Amino acid sequence: MAAVPLYCVCRQPYDVNRFMIECDICKDWFHGSCVQVEEHHAVDIDVYHCPNCDVVQGPSLMKKRNNWHRHDYTEPDDGSRPVQAGTPVFIKELQSRTFASGEDILRKMEGEQVTPRFLERHSFNYPIKVTETEGLGLKLPPPTFSVLDVERYVGGDKVIDVIDVARQADSKMKLSQFIKYFTAPHRPKVLNLISLEFSDTKMSELVEVPDVAQKMSWVENYWPDDSFFPKPFVQKYCLMGVKDSYTDFHIDFGGTSVWYHVLWGEKVFYLIKPTPTNLALYEAWSSSPNQSEVFFGDKVEKCYKCVVPQGTTLLIPTGWIHAVLTSQDCMAFGGNFLHNLNIGMQLRCYEMERRLKTPDLFKFPYFEAICWYVAKNLLETLKELREDNCPPPPYLVEGVKALIRALRTWLKREVSEPTSEVPDNIRPNHLIKELTKEIRYLEVSQGASKVGAPNGFPAPRSPLERLCQARRARRAARRLREQQRHAPKLPSNLDILERHTREVLRRLEVGPLEEDPAFCAKVHGKLNKVSTASAAAAESLDDNRLQLMLQKASSSSSDEDSDSSQEEEEEEEEERVSAQQKGSGHTIELDQGGQKLRHKHKPLKRERPTSPSTAEAIQGMLSMAGLLCSEEAAQHQRHLQGDENPMDSQGNSREAWDNQGLPSPLNRREMDPEMDFQYCEPSMSPPLHPSKRQAPNPPPVSNQATKGKRPKKGMATAKQRLGKILKLSRHSRVFVREISQWCFLFVFFSSRVFVVPPPPVFESHSHQQ
């Protein structure tokens, strides 16, 4: 394998990215950075001597200037050659010319007025001049920001492209070298920096582009994060130019719109409207061999002059042909962006660049790739508008038509030019077909609306009317959603139960002397049923006068109930008479067959019942707490309410939720003085049910308490309620007081009547406390 040739004093191989100069004596090549020769200075050297030959041959020979109006200043000044753009003579003649005032075409606006909605309604076809940037969304460094600050934020080693204005030629140099040139008191040349993109530097944090450019940009809205192609960065440029810097007429790459803001200094723009005639003249002028000798402003009908002073922002639309003169040292910030408002013009400018064989360095990066991404997103937009019966704006329809034509052309070009920019996740033929279908549908619908309906019926509404109606409907729906979002949510049954439970527990903390009479009348009407029973039991225990009688009830049936009804009434009558003579005692009877809890005034009996089972003990405990409800009580409730449906709108039993399902003891006495008290609801029930709507088919209760089985009416709900109370009040100190009451009653029964180990369920909760 042949050895790689080495060059320069550093003995390194050839690097295409580094400038090199050949010695005219030894014919060796040297890096410009190694021999201190800058690229823009090399054109001024007539005979170059390298450092080795300089010792023998002497210093290099420089070119002799013969004119000030040609790019090659060595040409003889015989007056036979015209003036070329950018030369000192050209700058003086340009400053002395007269042009149409830019005020005739500029649209002066305030920063807060420049919004995407405004541009969509009024189009973006003329330049916009903004003197007050407040509301524009533009963030910039202070006017004291200097070129030295740029070097500190960006880095002096960054390689940049500068323009030699007198030759209208590009050259590369380090940013530190340009800053040194910019700050030097004597400048042998006029250099202009217009392509410093700093999105990947620290200076990017100091600059934010205008909101209108950010919201309308194709790159910001449509470029996917997982794209195979690198994302284009063309939104943040720093432009630094010395006095008499000049950029000849051009259209920004890809037909992009551009925003400029002059931080300090001044710039002069020469603007030409992009009419079809002017664009054709521009293409012919750009491809002519004597382009630099012809001032393009003389070839068109009108060229407008617009002065942009310090602190002013200028937005130039798509396709506008413009040249820029720096009348004094200036620093400006700018950026380019593609958008939906002028898709056809953007595509026309791109095709013009291809015909003019513009180098890739001066073209929009991956322009075709972003057009495919945009086409995919616009297809979804058109489908959504069609589903909403909302016609798309005309600029979007025309843009999609132009985009379809361009995409077809690029697909045909793939046969001869394999450099494809079609993304992998896009099917190009299918995408073009779907876009064409949407455009045809729009054309058919618009044609039908223009013709109108036959038989004397009114013609359909215009697209503008449908668009307005659709927007009003969307606004109304948005307001409704906002109202629903801010409106208070209706509490659910569980929320009401939880709030009521917490309220009852909080009320239990209040001392006897501090209790609210209204609350006592409303809540303790049932709460005192349990507490009264416990107090009576305690008092009878101290007096040693109470004996509990527990009867084992046989299985309930209709025959047995009917046979024993007369006997019970006779016994009750005898017991009331004997109670008046001997003194009353408080007896609690547990009817296991009917699961009813009755409080009766009977004479104390001395019989000691047999010990019940564990299940019966649990039922006794729940009965004392008022957590059991019989079928007879539920039937009596429906009878009193006029056979009202006992199920609420959510399928929950009224017996389990409504604490007013059964009449209060006072109401019972008014209806039937002889009726016994029957406790159906626990003291923790909510005062009112949240809804009174009826549900004929309630869903079965299935949860942890029922183990998937439908329990008896009122039974499972009571267990669930008890578990909920235990869970909610697990960490509350008030819970201990209420549990102590229940435990006292249960222990009292166990000690006086039977000896049974504690129920497993209740024991687990007491252990947690």
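This is a predicted model: local features need pLDDT of at least 70, side-chain atom pairs count only at pLDDT 80 or more; totals for chains, interfaces and linings use all residues.
**Charged patches**

On the surface, a patch of positive charge is formed where Arg117, Arg121, Arg471, Arg472, Arg474, Arg475, Arg478, Arg479 and Arg481 gather. Two helices, α4 (116–122) and α14 (463–486), each supply at least two residues of this positive patch, and α14 gives the most to it, with seven residues. Arg117, one of the residues in the patch, is found in helix α4.

A patch of negative charge also lies on the surface, where Glu110, Glu112, Glu132 and Glu134 gather. Among them, Glu112 is placed in the loop between β6 (107–109) and α4. Glu112 counts as exposed because its relative accessible area is 56%, and the cut-off for exposed is over 50%.

**Paired strands**

Strand β8 pairs with β9 in the antiparallel sense, and β8 and strand β10 likewise run antiparallel. The bridges of each pair are set out below.

| Pair | Residues | Bridges |
|---|---|---|
| β8 and β9 | 159–164 and 169–174 | six bridges |
| β8 and β10 | β10: 191–197 | two bridges |

Towards β10, Ile163 stands opposite Asn192. As background to reading such strands, side chains in a regular strand alternate between the two faces of the sheet.

How values were computed:
Residues are numbered from 1 along each chain as its sequence is written. Side-chain values use heavy atoms; hydrogens and water are left out. Patches are made of residues with over 30% relative accessible area and no salt bridge: like charges are joined within 9 Å, nonpolar side chains (Val, Leu, Ile, Met, Phe, Trp, Tyr) within 5 Å. Accessible areas come from the Shrake-Rupley method with a 1.4 Å probe; for residues, only the protein chains shown count as cover. A salt bridge is a side-chain nitrogen of Lys or Arg within 4 Å of a carboxyl oxygen of Asp or Glu. Lys and Arg count as positive and Asp and Glu as negative; His and the chain ends are not counted. The place of a charge is taken as NZ of Lys, CZ of Arg, CG of Asp or CD of Glu. Helices (H or I, at least four residues) and strands (E, at least two) are DSSP runs, numbered from the N terminus. Two strands pair if DSSP finds at least two bridges between them. Buried means under 20% relative accessible area, exposed over 50%, partly exposed in between (1.4 Å probe, protein chains only).
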